[in-house]
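Me: I have a structure open and would like to learn how to read its overall build. Where do I begin?

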Amino acid sequence: MATSFARPKIGELYESQKLALWYFAVAILLFGLQITFGLLMAYQYINPDFMLESLPFMTNRTIHVNTMIVWLLVGLMGGVYWFLPLETGREVVGIKLAKLIWWVIVAGVTVVVLVYLFVQIGPGNAFTLWFINEGREYVEAPRWADLAIVLWVAIFLFNVIATTLAARRVTGLLGVLIFDLVALGALYTAGMHYTVNVTMDQYLWWWVVHLWVEATWEVLVGVLMAWSLMYLLGTPRKLVETWLFLEVALVFGTGILGLGHHYFWIGTPEYWIGLGGFFSALEPLPLVAMVIHALYDSGAHRLQTVNRPALFWAIAQAFGNFIGAGMWGFMQTLPQINMYSHGTQLAAAHGHMAFFGAYLGTVMTLIYIAVQNVRRPIMIPLDSKWWSWAYVLMIVSIVGIAGSFTISGFSQTMIERAELGSTWNAFIQSYTHPWYANTHGWRYFFAWTFTIGYLILVYDLLTIGKRRSA
Amino acid sequence: MDINRVEVYLDNQDEPIAVLDQPPFVLELDPSKLEVGTHYLIAVVHYQDGSMDHHEYVFDVERKGAIYAGHVSRAPVTTPIEVRMVDRVEIESPVKPDFVRYGLLPLVLFLILAGTAAWLAVVGEKPVPGGVLAAGGKVEAPKAPAGGAGAAAATVDGKALYEKHCASCHQANGQGMPPTFPALAGNDRLADAEYVIDVVLHGKPGTAMPPFGNTLSDEEAAALISYIRTAWGNDYGPVTADEVARLR
């Protein structure tokens with residue numbers, strides 16, 4: 001019998017799910033922007049003079065990192081807007097407000113990117129802080145945009161809480177989600193204070209960079225993956241909730257004090273070396289739990305699913321999270337090693353692998369689930385020949401990018417820091433060493449293959465599930 | 001291919017538990033009416049042209065107290081119908097959210113977290129006794145070095161400029177660190193004044209040598225280049241600010 005047949009239309013989308021589609025569309029668009037600037041930077045490593053005057057490396061990096069944070073956050077929030085009405089069985093409360101703030105955010109992000117591109121920097125005064133660039137690495141957004149982001153998350157939190165209360169029922173997943181979003185919104189404010197004391201400034205800045213990304217995002221991802229697995233494999237709620245509670249306990253139990261691994265050398269008291277070293281060494285534990293969970297579920301269902309690309313991205317998510325965040329993080333988290341490795345390209349290797357694994361994998365899972373439900377008739381299982389090309393190309397490329405950063409980071413750590421003692425000569429020796437210099441070319445190559453993977457992904461998202469009538 | 005009707009059989013019973021004859025082909029199952037354990041569901045699809053096809057579902061039903069949970073645990077690969085389990089966990093025993101716990105507590109926690117960050121930022125501003133901020137909490141701008149920009153026109157110290165801008169690479173003794181940073185002492189290429197001025201002003205693309213055109217005034221560049229061309233036994237003679245200005 002033919003494998004394709006007409007499937008009836010089952011129900012319309014909730015308004016909240018329609019909004020989620022906008023979230024996903026903008027996320028994919030910003031993802032493209034992020035890749036463009038990553039590609040540009042990879043070339044600037046080879047030819048540092050390229051666009052040096054008009055678009056220097058540091059500006060590119062700001063845009064590369066900022067667009068990444070925004071599109072991943074947008075993708076994750078889109079996932080919540082997608083699943084929330086399904087979980088509560090009703091339309092999201094305050095959906096008009098949610099739509100309004102969404103378009104404010106889209107306009108705001110556009111303005112911020114344009115200012116980054118064409119204004120770039122300003123004098124060291126309050127005007128720059130408010131309207132051009134706040135200056136803290138990774139969270140450079142000017143203060144007006146920061147306030148908009150906090151307002152955005154606050155409205156989002158209101159949507160979730162009000163919908164839960166209106167639906168008159170709360171599940172374990174919703175409970176975890178609500179309290180995680182509280183931390184997500186409140187911790188972001190920590191990156192907005194200006195103090196003349198650099199240690200204090202950095203101390204609070206890490207609340208955003210570490211606690212945000214390594215604690216609240218991980219938990220948000222846990223909730224979203226729980227919903228995704230229930231959808232993809234029909235995993236019982238009791239099972240995913242039990243795993244989620246375990247993961248949340250481990251993430252917060254290790255991650256909050258694991259914050260100490262950023263407090264080793266910034267002028268904070270010495271006890272952080274012990275605290276940070278111990279707790280951050282335990283941080284991979286919840287990630288191991290997530291791998292076991294994903295493998296167990298997928299194995300128990302023999303990879304039989306309603307949506308193949310989503311399931312494969314979910315599996316990539318579990319492994320990527322463990323390898324990128326867990327292993328590559330652990331590689332340099334012990335103070336004895338971090339003493340020599342902090343601030344080298346090992347950090348970039350860890351960052352690329354971890355964000356790709358933990359968050360990109362999740363957002364891709366969510367987007368493929370949404371795409372499946374948009375196409376009529378709904379295709380079960382959702383499949384195409386293109387998604388696997390994008391999947392393999394992007395994974396191979398990110399391994400290549402992170403691998404080249406690992407080798408150059410090792411050269412920096414070993415030659416510049418450990419052997420030659422951070423002198424000017426040591427700097428030159430490590431930067432001219434083949435293990436450093438040659439990696440630029442590899443990275444540039446993998447940046448291109450990643451770009452091709454992205455283009456295939458976009459093509460696949462636009463076409464998958466659109467079948468000719470049999 | 002158009003579907004005529006779908007007959008759904010449960011656990012190999014002879015009679016179908018449902019016959020779906022028009023879209024949407026959605027089957028709602030209530031696990032509380034089923035035995036605890038594993039069940040089989042077979043959907044027999046009749047197509048318009050008389051052909052048939054069947055799909056098998058396996059699912060589990062479990063019971064805890066009065067609460068039932070049922071889940072389609074192994075979905076078939078190609079299915080024309082959607083099986084929805086009525087989730088008795090939430091229907092029979094809805095947990096009503098408590099407004100204080102899920103409404104007010106999050107708000108209070110939000111304010112505590114954001115407030116702690118704000119408070120720490122304020123504490124960070126406070127002068128530490130004996131610290132750099134002790135004098136009224138203000139950081140003094142570093143004093144301009146004696147003989148700064150104002151005195152430049154008269155006597156610019158080429159040696160000081162060399163030590164500030166050049167010595168880190170070319171070394172204080174002019175020996176450099178070949179091959180990356182060439183020695184300046186005894187370097188014949190310094191004989192060509194225009195070449196030297198050009199390299200200092202515009203840098204040397206493709207190498208580590210940066211341009212100093214925006215950093216140095218004509219007088220400073222002239223003093224610096226004169227120093228390079230006459231120090232460490234070099235004898236190539238000084239250059240003037242006018243020569244520098246011409247090549248800018």
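This is a predicted model: local features need pLDDT of at least 70, side-chain atom pairs count only at pLDDT 80 or more; totals for chains, interfaces and linings use all residues.

Me: What does the secondary structure of chain A come to?

Reply: Chain A has 17 helices and 0 strands. The radius of gyration of chain A is 22 Å, close to the 23 Å that the globule rule gives for 470 residues, so chain A is as compact as a globular protein of that length. Along the principal axes, its C-alpha atoms fill a box of roughly 70 × 45 × 45 Å.

Me: What share of the contacts in chain A between residues at least 6 apart in sequence join residues at least 24 apart?

Reply: Two residues are in contact if their C-beta atoms lie within 7 Å. Of the contacts you describe, 79% join residues at least 24 apart.

Me: Which domains does the assignment give for chain A?

Reply: Domain 1 covers 12-169 and domain 2 covers 222-470. Their centres, taken over C-alpha atoms, are separated by 20 Å. To the contact, domain 1 of chain A gives 22 residues and domain 2 of chain A gives 21.

Me: Which elements give two or more residues to the side of domain 1 that touches domain 2?

Reply: They are helix 1 (15-46) and helix 2 (57-88) of chain A. Helix 1 supplies the largest share, 14 residues.

Me: How do the residues on that side of domain 1 divide into nonpolar, polar and charged?

Reply: There are 17 nonpolar, 5 polar and no charged residues on the side of domain 1 that touches domain 2.

Note on methods
Residues are numbered from 1 along each chain as its sequence is written. Chains are lettered from A and ligands numbered from 1 in the order in which they are written. Domain bounds come from an automatic or database domain assignment. Helices (H or I, at least four residues) and strands (E, at least two) are DSSP runs, numbered from the N terminus. Ala, Val, Leu, Ile, Met, Phe, Trp, Tyr, Cys and Pro count as nonpolar, Asp, Glu, Lys and Arg as charged, and the others, Gly among them, as polar. The radius of gyration is taken over C-alpha atoms; the globule rule is 2.2 Å times the number of residues to the power 0.38.
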